[in-house]
Amino acid sequence: MSAAPAPSSASDKIPVTVLTGYLGAGKTTLLNRILSENHGKKYAVIVNEFGEIGIDNDLVIGADEEVFEMNNGCVCCTVRGDLVRIMEGLMKRRGKFDAIILETTGLADPAPVAQTFFVDEDVQTKARLDAVVTVADAKWLSERLKDAPEAKNQIAFADVIVLNKTDLVSASELAEVEARIRAINPYAKLHRTERCQVALADVLERNAFDLDRILDIEPDFLEAGDDHDHDHDHDHGHHHHDHGHGLKHYHDEDMQSLSLRTDQPVDADKFMTWLQDLVARDGARILRSKGILAFKDDDERYVFQGVHMMLEGDHQRKWNDGEARESRVVFIGRDLPEQAIRDGFAKCVAA
Amino acid sequence: MAGLDPSAPAASIASVTDRVSALSLPQPAASVHFLGTIAAFVGSEDNVMLVDGTAEARTIAAHGGGILCAATDGKRLVTGGDDGRVVAIDRRGEVAELAADAKRRWIDSVALHPDGAVAWSAGKTAFVRAPKQEVKSFEAPSTVGGLAFAPKGLRLAIAHYNGVTLWFPNMAAKPEFLEWKGSHLGVAFSADNRFLVTAMHEAALHGWRLADNKHMRMTGYPGRVRSMDWTAGGKFLATSGADTVILWPFASKDGPMGKEPLMLAPLKARVNVVACHPKEEILAAGYSDGTILMVRITDGGELLVRRKAGDAVAALAWSADGSRLAFASEGGEAGLLVL
């Protein structure tokens with residue numbers, strides 16, 4: 001034991017997991033599972049005041065989901081004001097909990113929550129956004145994606161998707177709903193569950209917003225087979241494991257992802273200017289962005305991520321010997337100006 | 001003040017650190033207030049600690065949970081907690097419960113009026129209880145960020161998103177709404193009742209001249225302004241949020257409009273908290289690196305109260321007669337300077 005003050009690093013910050021999803025998808029089931037499982041951790045839970053009840057936890061805080069626009073001339077730059085206040089209050093009880101789970105209503109847009117962590121100095125120094133976990137109902141999601149823009153937002157925004165109630169759909173229905181999810185967001189980790197029986201390690205401590213953890217940004221389904229191999233003892237109980245990932249292709253009318261890559265070195269100045277201009281102009285349509293860049297004359301990987309108009313980026317580490325110096329950038333958004341983005345990125349290749 | 005020598009060279013700053021008595025607190029304090037000569041340290045959870053001189057702290061159980069806000073009129077300390085309670089503590093340590101929220105909502109802010117009225121807020125609702133009156137409430141359009149009583153009459157400023165509402169709890173008149181986009185948190189009237197200033201969620205202050213609701217934007221801070229205080233006589237509003245104390249001039253009829261602020265006591269650290277002397281043109285500033293300086297406003301003369309300690313200053317307060325300065329640090333240290 002040491003009495004020396006711990007260095008202030010990402011690990012000291014309280015992780016915040018955002019739990020989103022449509023009413024009835026199983027958010028509360030998952031929440032209660034997280035809280036009741038014997039993990040030795042204490043959670044503070046922030047729930048919507050008008051949301052589902054029946055949460056068995058010591059520290060439950062009612063939120064108002066109040067969103068306000070930042071005064072910086074950027075219309076999509078909205079922040080959850082209640083969250084700023086709640087986080088400040090919760091920090092007075094530091095030591096009473098290890099992590100925070102923030103439940104949002106089915107109608108909420110996850111962006112203001114994420115943006116709160118980008119712009120609020122106090123929230124940022126004391127807590128970190130761990131991941132956006134979206135619980136989706138396998139039976140109804142396809143319908144909701146057609147009639148509810150919020151459902152689409154929640155899928156597009158997710159780092160982890162818990163596709164629940166898979167026992168209530170046929171194999172072909174499941175394949176269809178997965179294909180629809182993938183059409184919007186191919187990058188999230190997808191877990192098929194009944195009664196939200198997902199390993200907690202798959203939804204908590206994901207570090208999805210940690211720049212240091214941006215390792216690769218391959219679509220999840222390419223490796224979906226592996227993803228279920230590692231050793232957690234949960235009973236998936238689903239029988240639709242091995243059929244045709246990626247075989248069925250949907251194109252979502254208004255929400256897409258766009259992936260760019262080049263093995264040519266990228267000009268850092270041109271790229272930064274282009275990226276900043278792009279999010280300043282089209283940030284309202286870009287929900288999330290992420291990238292790994294190999295800049296010309298730079299021995300370190302540069303990584304960035306963004307939510308709408310907010311970006312953060314840094315050099316991550318040296319490129320390893322023998323590692324392919326490839327640049328990858330992905331955008332998930334609504335009505336993305338695909339050709340303009342592709343052309344703009346192509347012009348960033350160093351001459 | 002004897003300790004301040006204007007001829008002292010700036011490089012070797014005069015020090016009164018040897019006159020500061022260290023106080024031992026049973027838990028770290030988030031704010032400090034004076035009840036007469038007794039320093040009331042407000043813990044971040046559960047307790048208020050009363051310290052008479054350098055005697056041992058008396059721990060007063062005030063809340064069952066986090067203490068979210070505190071205000072004083074010099075006679076009593078009123079606190080609000082995440083247990084949904086508003087309590088008053090006097091200098092003898094007597095605790096009186098003033099209110100308990102029916103839904104046990106967090107009490108986010110409290111304010112005191114010199115005539116004894118108390119205001120508090122929970123979520124979007126602001127409450128006022130004037131002496132010998134029923135509790136009255138007002139529903140703000142969004143969550144209340146801060147409360148302040150006007151110096152005259154029973155008039156409450158309620159800061160919220162996109163502006164401030166001025167509510168007269170005893171009058172049927174429609175509350176007045178001062179609009180300005182963004183989230184308004186702290187709020188303060190000038191002592192002469194001519195200006196209203198809010199500390200915003202962004203790194204800026206916003207002000208209104210109440211005679212004509214003319215706007216005053218006070219920007220340029222590197223960080224959010226969490227602490228502001230009027231200097232003696234109300235000539236300046238001293239603020240935290242930068243690596244110097246920023247003082248906005250309010251003596252003229254236009255307030256700070258079109259004027260540059262005074263910038264005093266620059267350090268390589270952020271000012272966390274400011275407290276103005278109640279009678280002299282002197283203020284105390286506590287920094288993120290633990291330094292506490294006493295600063296004379298007229299010429300910027302500085303006096304060291306606490307050395308850089310690596311432990312940020314959390315709280316500062318002067319007693320009403322200006323003879324005592326108390327402080328607390330985030331790490332749980334506390335001290336008292338008797339002048």
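Buried area is the accessible area (1.4 Å probe) that two parts lose on being put together, summed over both. The model shown is predicted: local features need pLDDT of at least 70, side-chain atom pairs count only at pLDDT 80 or more, and totals for chains, interfaces and linings use all residues. Residues are numbered from 1 along each chain as its sequence is written, chains are lettered from A in the order in which they are written, and side-chain values use heavy atoms, without hydrogens or water.

**View 1. The interface of chain A and chain B.** About 2100 Å² is buried between chain A and chain B, and carbon and sulfur atoms give 45% of this area. Glu66(A), Asn71(A) and Lys92(A) supply 31% of what chain A buries against chain B, more than any other three residues. In contact (heavy atoms within 4.5 Å) are 23 residues of chain A and 26 residues of chain B.

**View 2. Polar contacts and the chain A side.** Between the chains, 16 residue pairs are in polar contact, both residues at pLDDT 80 or more. A polar contact is a pair of N or O atoms within 3.5 Å; within protein, one must be able to donate a hydrogen and the other to accept it, and residues adjacent in sequence count only if both atoms are side-chain atoms. Strand E4 (67-69), helix H2 (81-90) and helix H4 (121-126) of chain A each give two or more residues to the side that touches chain B. H2(A) gives the most, with eight residues. Helices (H or I, at least four residues) and strands (E, at least two) are DSSP runs, numbered from the N terminus.

**View 3. Arg93(A) and Asp82(B).** These side chains meet in a salt bridge at 2.7 Å, N to O. A salt bridge is a side-chain nitrogen of Lys or Arg within 4 Å of a carboxyl oxygen of Asp or Glu. Across the interface of chain A and chain B the rule finds twelve. Arg93(A) is buried, with a relative accessible area of 13%; Asp82(B) is buried too, at 8%. Buried means under 20% relative accessible area, exposed over 50%, partly exposed in between (1.4 Å probe, protein chains only).

**View 4. Salt bridges within chain B.** Arg209(B) and Asp212(B) pair at 2.6 Å, N to O. Arg209(B) is buried at 14%, whereas Asp212(B) is partly exposed at 41%. Lys253(B) and Asp254(B) pair at 3.7 Å, N to O. Lys253(B) is exposed at 58%.

**View 5. Helix H1 of chain A.** Seven of the ten residues of H1 (27-36) are buried. Among them are Leu30(A), Leu31(A) and Ile34(A). Their cover includes strands E1 (14-21) and E7 (127-137) of chain A.
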